[in-house]
Amino acid sequence: MNAVNVATAVNSLWKQAKREARDIAKEQRRDLRQAHRRGEEGHRRGETRDSEAARDRVGTKLSHDPRLPKLLRLVREKGDELHARAVSGVMHGLGVLHADLRALPTSRWTARFEKSFTAKLASALSSRVETTAAEMNAQEVAIAYNACAKYDALGERLTPNAWLALASAASKESVRFTS
């Protein structure tokens, strides 16, 4: 797999996972409505948080999928080949997997492994942020910042030079943020 394939895989994974969570929540709401119409007790509207429960279910399934760590290793290994859009896209994908689906880090990974792995992954992405930030457009800069807000472990591990590069890119693109 090359870097483009890896970035596409991360992007496709979070989109597919969110779509699956949405479909599960929709099915749960339909089942609740049908049970309510039949007059079954314990099936009142609003009794469960369908979307959150569905995201947790999908995130748990993902976190136990042995392919996820393999994909994350590929991100780390191919990180130095990512272009500006791919860097922000991968960062965004990791943010969604972590914050929205709770798939990162997984409970079966040891804390030491997760810390070490995240540090290596963030290091690879951090060096690419430094290298590619000047090429990022306004949307890509915003996506990168948002990803760091969603996945704090990633943001915490970006180097000061990576943050400076993002800030410089944001400053350069600031005209486009407001237009």
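Mentor: One term to begin: buried means under 20% relative accessible area, exposed over 50%, and partly exposed in between (1.4 Å probe, protein chains only). This is a predicted model, where local features need pLDDT of at least 70, side-chain atom pairs count only at pLDDT 80 or more, and totals for chains, interfaces and linings use all residues. Residues are numbered from 1 along each chain as its sequence is written, and side-chain values use heavy atoms, leaving out hydrogens and water.

Trainee: Okay, is R37 buried or exposed?
Mentor: R37 counts as exposed because its relative accessibility is 63%. Its place is in helix α1, residues 3-37 (helices are DSSP runs of H or I, at least four residues, numbered from the N terminus).

Trainee: Switching topic, how many salt bridges are there?
Mentor: The count comes to seven, taking a salt bridge as a side-chain nitrogen of Lys or Arg within 4 Å of a carboxyl oxygen of Asp or Glu.

Trainee: Which residue does D100 pair with?
Mentor: D100 forms a salt bridge with K18, and their closest N and O atoms are 3.1 Å apart. That pair links distant parts of the chain, with D100 in helix α4 and K18 in helix α1, 82 residues apart.

Trainee: And how do the two compare for burial?
Mentor: D100 is buried, at a relative accessible area of 17%, while K18 counts as partly exposed at 32%. K18 and D100 are also linked with K150 in a network of salt bridges.

Trainee: What about D65?
Mentor: The side chain of D65 meets that of R67 in a salt bridge, 2.6 Å from N to O. D65 counts as buried at 16%, whereas R67 is exposed at 59%.

Key. Helix = DSSP H or I, 4+ residues; strand = E, 2+ residues; numbered from the N terminus.
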